[in-house]
Protein chains: 2
Amino acid sequence: MNKKQINVGLIGYGTVGKGVARILEANQKIVLTKVGKNVRIKSICDRNPIDRADLYVKNFKDIIRDPEIDLVVELIGGYEPARTIIIESLKAGKSVVTANKAVLAKYWDQIFTTAQDEQKAIYYEASVGGVIPVVQGLNEGLAVEEILEIKGILNGTTNFILSKMTKEGISYEDALKKAQVAGFAEADPSFDVNGIDTANKLAILASLAWGGWIKVKNIATKGISNLQAKDVHLTKDIGCIKLVGSAIQTKNGIDLSVEPRLVYHKHTFATVDNEYNAIMVRGKDCGDVLFYGKGAGQSPAASAVVSDIVNLSKFIVTNTAGIVTDVIYNRNKKIKILPAGDSGGEYYLRFTLADKPGMLAKLCGILGENKVSIASLTQPNINKGDFADVVILTHKTQNSNLENSIKKLKSLKSIVKTNPVKLKIEK
Amino acid sequence: MNKKQINVGLIGYGTVGKGVARILEANQKIVLTKVGKNVRIKSICDRNPIDRADLYVKNFKDIIRDPEIDLVVELIGGYEPARTIIIESLKAGKSVVTANKAVLAKYWDQIFTTAQDEQKAIYYEASVGGVIPVVQGLNEGLAVEEILEIKGILNGTTNFILSKMTKEGISYEDALKKAQVAGFAEADPSFDVNGIDTANKLAILASLAWGGWIKVKNIATKGISNLQAKDVHLTKDIGCIKLVGSAIQTKNGIDLSVEPRLVYHKHTFATVDNEYNAIMVRGKDCGDVLFYGKGAGQSPAASAVVSDIVNLSKFIVTNTAGIVTDVIYNRNKKIKILPAGDSGGEYYLRFTLADKPGMLAKLCGILGENKVSIASLTQPNINKGDFADVVILTHKTQNSNLENSIKKLKSLKSIVKTNPVKLKIEK
């Protein structure tokens with residue numbers, strides 16, 4: 001091994017890219033100790049010229065073609081040209097680091113098949129949970145665990161919005177504005193608030209856990225934009241509402257969903273506020289393991305990318321990056337997916353009923369007919385006028401039973417004013 | 001690389017050893033996928049004959065001498081012959097996996113210097129936090145972080161006892177008996193309840209974090225055996241008492257301690273019950289990262305050992321184990337340690353005073369003179385007779401000011417009945 005140093009080509013010089021350059025350069029000494037060689041940024045590519053003219057490259061192909069570059073860091077996000085950069089870099093014999101959950105979730109098969117064929121490595125710790133080392137945790141820390149369940153608060157933007165709604169009692173719209181001002185939400189926040197970003201990350205974790213490609217389209221995904229301040233208020237004594245990504249191995253297949261859930265105060269997830277993320281992994285032998293940390297922000301994301309660069313460089317110096325696979329991906333492995341909505345649990349329900357005699361009896365009757373057992377029923381009476389809210393916490397029930405009840409109740413327009421609210425409970 | 005398989009020699013066939021054999025053998029298929037070769041247990045050494053006569057070896061030296069064995073797993077615990085096994089295995093060109101925190105904390109210098117000299121690797125994930133991948137998290141996940149602080153609930157036995165005291169309102173002695181019955185405390189629990197086990201684990205984490213050898217003797221260590229049910233009761237509305245290991249980088253050196261602390265309910269540590277452990281790492285760029293999982297029990301510990309075996313085997317197949325160092329240990333690095341007790345914070349204090357006029361004024365006066373500012377003062381009045389308990393929560397204060405106050409108060413025997421209780425607060 002005659003390499004004098006590891007040369008990095010950085011593609012994408014936005015917030016995270018700048019953080020990566022800063023952290024890598026500020027820690028040259030510790031990097032040298034860990035890797036045994038210097039790790040230097042040789043070239044930086046961005047759509048626009050940057051303040052570091054000595055390193056600037058206009059065309060990313062010049063980085064991929066550069067024989068001196070050992071490792072390409074893709075930080076532009078989105079599908080293209082990110083996919084092309086990753087695939088072509090691997091084919092050019094380079095190792096890759098990316099923070100791009102969207103491209104991984106969408107092109108999992110192509111990316112990991114290419115990496116295996118080329119015997120090159122791709123690291124992507126920053127794609128899920130920001131600085132939290134959960135990818136490594138699943139791949140290595142829990143190397144031989146049979147994974148039974150993965151649950152996570154995986155999106156900093158929505159968690160920031162939900163924390164504001166909970167703590168300040170404000171509406172979704174006002175909380176979103178605060179998140180935008182604080183820099184935790186984009187001008188167009190739809191990928192975050194619609195749950196798509198969480199679904200991308202859950203797809204990555206589930207694909208790792210079960211060794212096949214679990215696609216985003218298999219994840220029943222609901223966002224937070226329809227969430228009402230009223231439900232946040234009505235539940236605040238027992239818990240708080242969080243956007244939870246969940247993948248559970250059941251007898252009949254893996255049950256995958258992203259949806260707002262009511263997390264009880266004693267659950268660890270209830271302490272996960274603002275831009276923090278948390279991921280719980282349940283294994284057959286290990287029990288529950290939880291990882292928690294900042295899921296958003298320049299420094300946490302950049303720190304995770306630099307860790308990937310350093311850990312991958314340790315293999316590059318001995319020419320072994322990609323020789324031993326890191327992702328156990330078998331494109332022929334069939335993974336059974338449970339059709340969305342088949343799984344059950346305990347639920348929070350809110351109905352708005354016409355405020356006249358017999359309505360409650362009707363409601364309870366329909367729930368009972370559908371085998372939905374009521375744990376508690378309250379009429380918080382914060383509405384005035386002709387309608388009254390009824391809040392129900394259920395015992396464990398099949399979701400299909402619940403959906404049948406709701407369908408029946410909605411058909412009785414005279415008694416149910418608006419769409420019922422349904423939130424699964426995490427205890 | 002012509003190895004047909006990786007051969008493991010297992011030394012110590014107690015609870016964890018049996019778990020390692022079971023998990024490794026039950027997961028041969030996934031191990032083969034991850035490592036690319038089979039990983040098999042070739043020999044097992046134990047003081048007593050075992051039920052697997054085909055693998056049994058009476059003398060551990062026969063394992064160290066066996067040229068076919070690639071990896072030695074030391075699971076006998078204690079100092080000797082554990083130290084000899086580790087050192088001689090490394091010298092014999094073998095990689096080592098251990099779960100032994102005591103031997104690592106005591107012989108850090110010798111063990112890691114030998115590993116570096118021999119260019120062999122030693123993995124020890126199970127030595128801290130059971131199944132929680134925190135060693136890997138510190139070494140790799142947060143590879144270039146400047147670590148500012150590490151705090152943890154690191155001992156399952158004491159946490160089980162404290163959980164019982166909190167939830168059932170029972171005494172330390174009764175809770176210890178329950179832990180022994182449940183298999184979470186040894187017949188002689190002194191290493192656990194005196195805080196020594198926690199100190200060993202904290203020494204390992206701190207040594208990793210700051211790249212030098214931080215010795216157990218530098219950790220101000222207090223256990224839980226003097227804890228009274230009364231203080232658990234008096235604090236239950238605001239928090240719970242946990243044994244916390246803490247290492248904080250300050251301007252004047254690293255402040256290291258193990259002691260029971262009052263953890264407020266909203267702190268994540270408050271949700272860590274029974275045999276669970278949690279470790280919080282604060283880095284300059286990453287912020288707070290928390291790891292949580294089972295710190296005790298056969299399966300979690302064995303799962304961590306098997307993960308180490310698999311991850312190390314991935315290097316052994318390419319003959320690169322130990323080539324790139326995993327522990328950044330520089331024996332010449334001087335690490336400044338803060339003398340115990342120099343650091344401060346907010347505190348819970350309980351004094352038992354003679355129940356007569358003027359006593360409170362005297363107490364408040366002495367605290368005030370020593371610059372200890374009172375946030376709240378209550379007289380819970382659960383005592384009857386000539387003495388009354390006074391509970392004080394302080395604002396942030398220097399510990400030395402507090403100790404000076406307590407010294408002064410104790411000299412006034414007529415007013416303070418017993419030793420005051422002092423617990424640092426984690427918010």
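Which residues in H5(B) meet residues in H10(B)? In this predicted model, Lys101(B), Ala102(B), Leu104(B), Ala105(B) and Trp108(B) are the residues on the H5(B) side. Their counterparts in H10(B) are Asp197(B), Asn200(B), Lys201(B), Ala203(B), Ile204(B) and Ser207(B).

## Helix H5 against helix H10 in chain B

The residues of this contact comprise six nonpolar, two polar and three charged. Helix H5 covers residues 101-118 of chain B, and helix H10 covers residues 196-210 of chain B. Their axes lie 9 Å apart, and the packing angle is about 55°.

## Helix H6 against helix H10 in chain B

H10(B) also packs with H6(B): the two axes come within 10 Å and cross at roughly 10°. Angles under 35 degrees count as roughly parallel, so that is the description for H6(B) and H10(B).

From H6(B), the contact takes Val135(B), Leu138(B) and Asn139(B). From H10(B), it takes Leu205(B), Leu208(B) and Ala209(B). By class, the residues of the contact of H6(B) with H10(B) are five nonpolar, one polar and no charged.

## A parallel sheet in chain A

Chain A has an open sheet of six strands, in the order S3-S2-S1-S4-S5-S6, with parallel pairing. Strand S3 (56-57) and strand S6 (122-123) of chain A stand at the edges. Each of these has a single partner strand, so one side of each has no neighbour in the sheet.

Within this sheet, strand S1 (residues 5-11) and strand S2 (residues 38-45) of chain A pair in the parallel sense through seven bridges. For Leu10(A), the bridge partner in S2(A) is Ile44(A). A helix lies across part of the sheet: helix H4 (residues 82-91) of chain A lies across S1, strand S4 (71-74), strand S5 (95-98) and S6 of chain A. H4(A) runs at about 170° to S4(A).

## Where the two chains meet

How many residues of chain B are in contact with chain A? There are 46 of them, and they touch 46 residues of chain A. Four elements of chain B each supply at least two residues to this side: helix H2 (28-35), helix H6 (134-141), strand S12 (287-294) and helix H12 (298-316). H12(B) gives the most, with nine residues. By class, the side of chain B that touches chain A holds 22 nonpolar, 16 polar and eight charged residues.

Strand S12 takes part in a pairing between the chains. S12 of chain A (residues 287-294) is joined to S12(B) by three bridges, and the two strands run antiparallel. Tyr292(A) has Leu290(B) as its bridge partner in S12(B).

## How the copies are related

Chain B superposes on chain A by a rotation of 180° with 0.0 Å of shift along its axis, and the RMSD is 0.0 Å. That is the relation of a two-fold axis. Which residue of chain B comes closest to the rotation axis? The residue is Phe291(B), with its C-alpha at 2.4 Å.

Of the interface residues of chain B, 100% are also interface residues in chain A, so the copies meet through the same surface.

Definitions and conventions. Residues numbered from 1 in each chain as written. Chains lettered and ligands numbered in written order. Predicted model: local features only at pLDDT ≥ 70, side-chain atom pairs only at ≥ 80, totals over all residues. Contact = placed C-beta atoms within 7 Å. Nonpolar A, V, L, I, M, F, W, Y, C, P; charged D, E, K, R; others polar. Pairing = 2+ DSSP bridges. Least-squares fit on C-alpha atoms with pLDDT ≥ 70 in both. Axes fitted to C-alpha atoms, helices over the stretch in contact; angles between N-to-C directions. Parallel < 35°, antiparallel > 145°, perpendicular 65-115°, else oblique.
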